[in-house]
Structures are given as C-alpha cells and as structure tokens.
Amino acid sequence: MGRIALFPGSFDPLTNGHLNLIARSAKLFDKVIIGVFINTSKLSLFTLEEKIIMIKEATKKFENVEVIAQPNKLTVESAQELGAEFLIRGIRNVKDYEYEKDIAAMNHHLASELETVFLLADEKYAHISSSLLKEVLKFGGDVSTYLPDVVKESLNQKNREMRANE
C-alpha cells in the first residue's frame, strides 16, 4: 500500500485547522487514516458516531483518507494493527510542541518503528483549538469561520435539540 500514516485525535469538534492538516497529510502519504479516539480527560460535545459521520463527510474529497473509530486502544497499538509507519501530529505553538514531544518520546519507547511527523499549523488556524471553540460556543459566540460546513450543521442541530428540551 505504500506509506501509511495515522492521524489520531478526539476531533471534538473537527476544525478547519484539522482539515488543513488532513489535506496536507494526504499529499505526503499514500494513505492517511484518521483515528477518532476518546480523550478521557475531556467532556465530549459529540458522540463517537457523530464525529465519525462528520469527519467522513468533511474528508470525502480525499481519495486516500479513511476514518476509523479507535475508542479503547493506545495509539501505537492502533498504528501497528493498521500497518501505519507514521503518526501525524499538529503543532500550533511552543506549548503544543512540548506536550507533543513527550508523547512522541513515549510512543517511540512503546513502538520504535513508528515515526512521529509534526506539521506546523497554518498561521490562520494556529490560535484555535477544539477546546477553545467549545468554550466560545458554550457562551453563544460565533466560531463558524473555523468549522467545516458539516460541523456547523451538526452544531446547529445540537443547539436546536437543546433548546427544544429546555
């Protein structure tokens, strides 16, 4: 199959910054697998199933990208099972680098055959994170500029459902 990369994350929600990294990764690797993992330290806005549907829709134009759920595994275990040799990680700033460097070192310890590839965030997305966007959303702020259309539609639907249940 060639060069396979796993791009792991919780993607809650998928942002245009994530989508930019996916598009760039799709040019670098023969196959990019987006692994949707559960982040146990964060409260999710979307269910695993909702995230999978949105990410598949947002990435359907990339022929060499697939999306899978990986709720209960270490990233390195998933990569090994999928035949991935590379892990893709986005870096927005120095704080991200310090955090990701430690994760890359642990992943290398667990599976030395895996190589972590850091991609610098596009300048227009370097200040955003899913956590920040959720915080702004919680208080009614508009973050639509930073979200793919399918995510905007899903957020609008969630908001309508929440208002109907009040």
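Where is the place of F11? F11 sits in the loop between β1 and α1. The close-ups below come from a predicted model.

**View 1. The loop between β1 and α1 holds F11 and P13.** F11 is not a glycine, yet its phi is positive, at about 45°. Is F11 buried or exposed? Its relative accessible area is 4%; the cut-off for buried is under 20%, so F11 counts as buried. P13 belongs to this loop too. The peptide bond that leads from D12 into P13 is cis, and its omega is near 0°.

**View 2. Strand β1 is mostly covered.** Six of its six residues are buried. I4, L6 and P8 point one way from the strand. A5, F7 and G9 point the other way. In a regular strand, side chains alternate between the two faces of the sheet. β1 pairs with β2 in the parallel sense, over six bridges.

**View 3. The largest nonpolar core has 32 residues.** Which of its residues touch the most other members? They are L14 and I22. At least two core residues come from each of β1 (4-9), α1 (16-28), β2 (31-36), α2 (48-58), β3 (65-69), β4 (86-91) and α6 (149-164). Helix α2 gives the most, with five residues. Beyond its neighbours within four places in sequence, L14 is in contact with L19, I22, I55, A58, L147, P148 and V151. Another core, of ten residues, lies apart from the largest one. Its members include L6, I68, A79 and A84. In soluble globular proteins, nonpolar side chains tend to be buried together.

**View 4. Helix α4 covers residues 94-110.** Its 17 residues, at 1.5 Å a residue, should span 24 Å. The end C-alpha atoms are 24 Å apart, so the span agrees. Which residues of α4 are buried? They are D96, E100, A104 and N107. These residues lie on the same side of α4, because they cover an arc of only 65° around the axis. An α-helix has 3.6 residues a turn, so residues three or four places apart point the same way. The cover over the buried residues of α4 includes α3 (75-82), β4 and β5 (115-120). The face turned away from the buried side carries exposed residues: V94, K95, Y99, D102 and H109. At the N-terminal end, N93 caps the helix. A side-chain oxygen of N93 lies 3.1 Å from the backbone nitrogen of K95.

**View 5. R89 makes a side-chain polar contact with E100.** R89 is in strand β4. E100 is one of the buried residues of α4. The polar contact between the two side chains is 2.8 Å. Leaving aside neighbours within four places in sequence, R89 is in contact with P8, E100, T116, V117, F118 and L119.

**View 6. Helix α5 spans residues 130-138.** Its buried residues are S130, L133 and K134. Just after α5 comes G140, with a positive phi of about 85°.

Terms used: Residues are numbered from 1 along each chain as its sequence is written. This is a predicted model: local features need pLDDT of at least 70, side-chain atom pairs count only at pLDDT 80 or more; totals for chains, interfaces and linings use all residues. Side-chain values use heavy atoms; hydrogens and water are left out. A nonpolar core is a set of buried Ala, Val, Leu, Ile, Met, Phe, Trp, Tyr and Cys residues joined through side-chain atoms within 4.5 Å. Buried means under 20% relative accessible area, exposed over 50%, partly exposed in between (1.4 Å probe, protein chains only). Helices (H or I, at least four residues) and strands (E, at least two) are DSSP runs, numbered from the N terminus. Contact means heavy atoms within 4.5 Å. The expected span of a helix is 1.5 Å times one less than its number of residues. The arc is that of the directions from the helix axis to the C-beta atoms. A polar contact is a pair of N or O atoms within 3.5 Å; within protein, one must be able to donate a hydrogen and the other to accept it, and residues adjacent in sequence count only if both atoms are side-chain atoms. Two strands pair if DSSP finds at least two bridges between them.
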